[in-house]
Amino acid sequence: MVNGEKMIPRPLRWAMIGGGRLSQVGYKHRSGALRDNTAYRLVAGAFDIDAERGRDFGVNLGLDPSRCYNDYKQLIHAESQRDDGVEVVTVATPNGTHYEITRAALEAGLHVICEKPLVFTSAQAQEIKALAEEKKRIVGVTYGFSGHPLLMQMRAMIARGDIGEVRMVELQYTHGFSANAGAEKSSDAAKWRVDPKISGPSFVLGDISTHTYYISQLVLPQLRLKELLCDRQSFIPSRAPLEDNALVLMHYHGGAVGRMWASAVNTGSMDSQSIRVIGSKASLEWGDYNPGELKYQIQGQPYQVMHHGMPYLDESALEYERLGALHTEGLAESWANIYLQCAIAINAKQTGDTVTLKKLIYPDINAGLEGVRWIENCVRSANNGSSWVNFE
Ligand SMILES: NC(=O)c1ccc[n+]([C@@H]2O[C@H](COP(=O)([O-])OP(=O)(O)OC[C@H]3O[C@@H](n4cnc5c(N)ncnc54)[C@H](O)[C@@H]3O)[C@@H](O)[C@H]2O)c1
């Protein structure tokens with residue numbers, strides 16, 4: 001069980017780029033990273049596209065005003081001159097800036113925790129991966145719910161054969177917040193998501209389905225995608241070519257099949273994200289709308305619900321537990337686990353501890369690259385008359 005005690009010798013000196021006062025995701029990074037007072041210390045930031053507002057925000061977070069910078073270039077330069085400069089930066093800016101900021105941070109020898117989708121193309125992601133390897137630095141990607149203990153339970157149960165041979169994988173990440181064209185006027189965040197220059201080659205595929213795609217890789221590390229067929233729509237025509245709805249069929253190596261439904265126009269839905277893995281003996285199902293429960297359904301038997309924090313869970317799930325059974329658990333704990341695993345990875349990289357690095361399970365650079373490959377292949381299939389394409 002995680003209880004906040006230190007897992008690395010001292011907190012990492014940490015800065016944020018983006019994630020300012022009006023951002024959707026900034027607070028989740030801070031609450032994830034700082035939940036355990038022992039893993040990170042927020043010491044600097046370039047929080048906002050508006051430098052003044054960013055500085056004011058940083059000061060209100062309690063930072064030294066001289067370490068609240070106008071932009072990421074100034075931050076990287078000034079911090080690299082200090083003996084106590086930052087060691088790791090989070091990139092929580094809109095998608096179109098991830099590549100240049102992550103690249104610049106790695107070039108300066110910083111570890112990076114970046115938002116999804118990591119970059120626009122898999123060629124860029126490969127370049128970032130090679131640079132991280134060359135600089136001996138960690139890149140983590142914040143697929144928010146992927147640090148949930150019950151996903152570790154799912155992984156352990158599938159690995160030990162509890163559901164038999166995997167036959168089908170059913171993935172969904174949908175909401176209805178963009179059901180109307182007016183959504184784009186509600187905030188900057190809604191506006192840039194449908195602008196290909198900032199969002200990239202997709203809207204919902206990159207914005208939400210990458211989360212669930214990573215979760216499927218987390219619980220099914222042995223399953224590799226062979227080919228996919230993506231059918232995408234822009235129900236609000238002004239969003240074209242970016243999709244607000246996508247249906248993807250998947251064939252895995254070895255015969256298993258899957259499907260993903262990603263949508264921002266699932267009107268009225270508040271269900272969000274779910275994964276169901278169907279095996280020859282039983283099925284497992286988890287959704288982030290009720291994250292403390294994992295459904296285990298054995299054919300011919302009454303179905304079971306496994307609760308987070310209970311002693312019957314696998315050791316790997318209990319290691320991620322933060323609150324204990326009966327205490328409502330969810331997204332904040334998952335983010336904190338992702339940040340903690342990233343801190344342990346950064347510390348292991350700094351000390352050359354390859355054994356720990358091999359053992360750790362968290363959304364790393366490969367997970368970032370995979371997310372970008374997923375978007376690329378889906379867009380290629382959709383643009384090719386929704387035909388089957390080999391997963392490249
Ligand atoms: N992991 C998740 O669950 C999750 C949730 C929401 C968003 N996201 C991702 O997080 C990123 C940001 O999304 P958002 O919804 O918070 O966007 P947003 O538009 O709400 O906020 C972006 C923030 O970054 C700042 N910013 C923009 N350009 C900047 C720059 N060049 N330098 C410094 N600051 C800059 C803005 O001022 C703002 O504070 C996106 O990549 C998005 O896909 C992830």
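Helices (H or I, at least four residues) and strands (E, at least two) are DSSP runs that are numbered from the N terminus. With that naming, Lys136 is placed in the loop between H5 and strand E5 (139-141). The structure is a predicted model, in which local features need pLDDT of at least 70 and side-chain atom pairs count only at pLDDT 80 or more, while totals for chains, interfaces and linings use all residues. Residues are numbered from 1 along each chain as its sequence is written, and side-chain values use heavy atoms, with hydrogens and water left out.

**Ligand site**

- The shell around the ligand holds 25 residues, of which Asp48, Asn95, Glu115, Thr142 and Trp192 come nearest; a residue is near a molecule or strand if one of its heavy atoms lies within 4 Å of it.
- Taken alone the ligand exposes 850 Å², and the protein buries 88% of that, with accessible areas taken from the Shrake-Rupley method with a 1.4 Å probe and, for residues, with only the protein chains shown counting as cover.
- Helix H7 (188-192) and helix H9 (204-219) are the elements that give two or more residues to the shell around the ligand.
- Domain 1 (12-145 + 338-364) and domain 2 (147-323 + 370-390) each supply at least three residues to the shell, the domain bounds coming from an automatic or database domain assignment.
- By class, the shell has 10 nonpolar, 10 polar and 5 charged residues, where Ala, Val, Leu, Ile, Met, Phe, Trp, Tyr, Cys and Pro count as nonpolar, Asp, Glu, Lys and Arg as charged, and the others, Gly among them, as polar.

**Cavity and pocket**

- On a 1 Å grid over the protein atoms alone, a cavity is a set of points where a 1.4 Å probe fits but cannot get out, and a pocket is an open set with protein on both sides within 12 Å along at least five of seven lines; lining residues have an atom within 4 Å of a point. Grid points are joined across faces, edges and corners, and a volume is the space filled by probe spheres set on the points.
- The whole structure contains 1 cavity of 30 Å³ or more, and the largest cavity holds about 60 Å³ of space.
- Residues lining the largest cavity include Ser146, Tyr214, Asn337 and Tyr362, and H11 gives the largest share of this lining, 3 residues.
- The second largest pocket holds about 520 Å³ of space, and among its 22 lining residues Leu360, Tyr362, Asp364, Ile365 and Asn366 are the closest to its centre.
- Because domain 1 and domain 2 both give residues to its lining, the second largest pocket lies between them.

**Backbone geometry**

- Most residues other than glycine have a negative phi, and most peptide bonds are trans.
- Lys116 and Pro117 are joined by a cis peptide bond with omega of about -20 degrees, and Pro117 sits in the loop between strand E4 (111-114) and H5.
- The bond from Ala240 to Pro241 is also cis, with omega near 5 degrees.
- Lys136, a residue other than glycine, has a positive phi near 60 degrees.
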